[in-house]
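Please open the structure in a viewer and keep the selection tool at hand.

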Amino acid sequence: MADPTVQQYALPAQTRLAEYRLESVLGAGGFGVTYLARDTHLEKDVAIKEYLPADLGLRALDGSVVPVNTDTAYNYRSGLEQFLVEARTLARFSHPNIVRVSRYFEANGTAYMVMDYEKGHSFNQFLKKVPQPEEAHLKAMITPLLDGLEAVHAAGFLHRDIKPSNIFIRTDGTSVLLDFGSARLAVRDAVRDVIAILTPGYAPVELYLSTGQPGPWTDIYSLAAVLYRAVTGDNPPEAPSRLRIDGAGKKLAAVRERYSPQFLAAIQWGLALEEKRRPQNVNQWRGALLRSQQARAATATPETAAAGAEAEPDRTRKYVWMALGIVTFFLFMEGADIVKQRAEQQRAPRAKPLLQPGQPARPVAAPAAGGLEARVAGAQNGLGAGLTREELAQNLPHLADKFSEIDADRDGRVTVVELQAYWQRNSRGAPGGAPSK
């Protein structure tokens, strides 16, 4: 049953669209609604996908879809055109493992895509019932998907949104790839939060960047992420977070007793952060996933073939250091602001109590030792500006073990000047401007 909130903007049951009668809602996302419908001419069930981007379009009282406002009208239409491109492209395919589009048309101010109705369940539902399936089962599931994806890539088209819920397992056990995402990316500029458009964990870095270069390697990353979810039981970490700390390799290494080393190595190869480090086409990756260790060595780079699943961090080190340089720069700026705030607090004179002539001063309780209150209260007693070792560890934990190196004058406090000197000292010669190790 569809979510109640979906029913609020979905077309009601028994609505007629050309020769189709809508029966119920199969599912919905940020960019459309999928209905179960009845083809009244052929007397068979079909699935109909409606273009309805939640951030750009609204359902009017007459059932039509209109742009939210004049500012979103252009982006709404651009997304609609891409939706039709997706439909036309899929209609050209007749592959058993790619969702078949039999018709598409415009109506109600939007567009509709008529697809075969498949009975079964999503791979996401399957994994909830059968966590960490056998390797042989996973290979049997993914092999036909690779064949279908290769045909799509050969036509110059990408899926862009492969995830467990977009892989459907028919009642006969065969798999099919659903819900291509071209319209989703076509309107990404109109949506403030790109992460809300993409599927965290299954979208590679290049889909987060306006300058990214999607290609067959993009879909390979997403499909590798699906396999990561299957073998580890956990959703893959988001690509941006992996730029700083990448624990994907350790998670894969932890299941070596259950899955073969070459299978896990192929998954990690597909999950490489840098596009050029991934397999560049489906055929290349297929050899790594489905064949012997020798096939893996023939298709992978020499470094990966020699080191297996643990080689990827070394091969992407330069790429990760570039990202870390950016992250560390912003953390440094944040640290500089913290130090400046402490210094300003310490330079500000403490307010003196207003006493009547002859009235004795009241005792003031000493602030707790080591706390920020003690640092501020003691400023007039010669404590000076900067962060102590404890404050640095609390506010900038990534620099905690560098306290002695940063504290050049050995006064027990780190100042903005010392932070700047440390940054300049350690950024020379490191890839991407990152502090050298």
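Predicted model: local features only at pLDDT ≥ 70, side-chain atom pairs only at ≥ 80, totals over all residues.

Residues are numbered from 1 along each chain as its sequence is written, and side-chain values use heavy atoms, with hydrogens and water left out.

How many aromatic pairs does the structure hold? There are six; rings of Phe, Tyr and Trp (its six-membered ring) pair if their centres lie within 6.5 Å, and planes under 30 degrees apart count as stacked, over 60 as edge-to-face and the rest as tilted.

Select Tyr-20 and Phe-105, a stacked pair with 6.3 Å centre to centre and 5° between the planes. Tyr-20 belongs to strand β2 (residues 20-29) and Phe-105 to strand β7 (residues 101-107), so the pair ties together parts 85 residues apart in sequence. Helices (H or I, at least four residues) and strands (E, at least two) are DSSP runs, numbered from the N terminus. Tyr-20 is buried, at 3% relative accessibility; buried means under 20% relative accessible area, exposed over 50%, and partly exposed in between (1.4 Å probe, protein chains only). Phe-105 is also buried, at 12%.

Next, select Tyr-51 and Phe-83, a tilted pair with 5.7 Å centre to centre and 45° between the planes. Tyr-51 lies in strand β4 (residues 44-51) and Phe-83 in helix α2 (residues 70-91), so this pair joins parts 32 residues apart in sequence. Both residues are buried.

Finally, select Val-68, in the loop between β6 (65-67) and α2. Val-68 has 35% relative accessibility and therefore counts as partly exposed.
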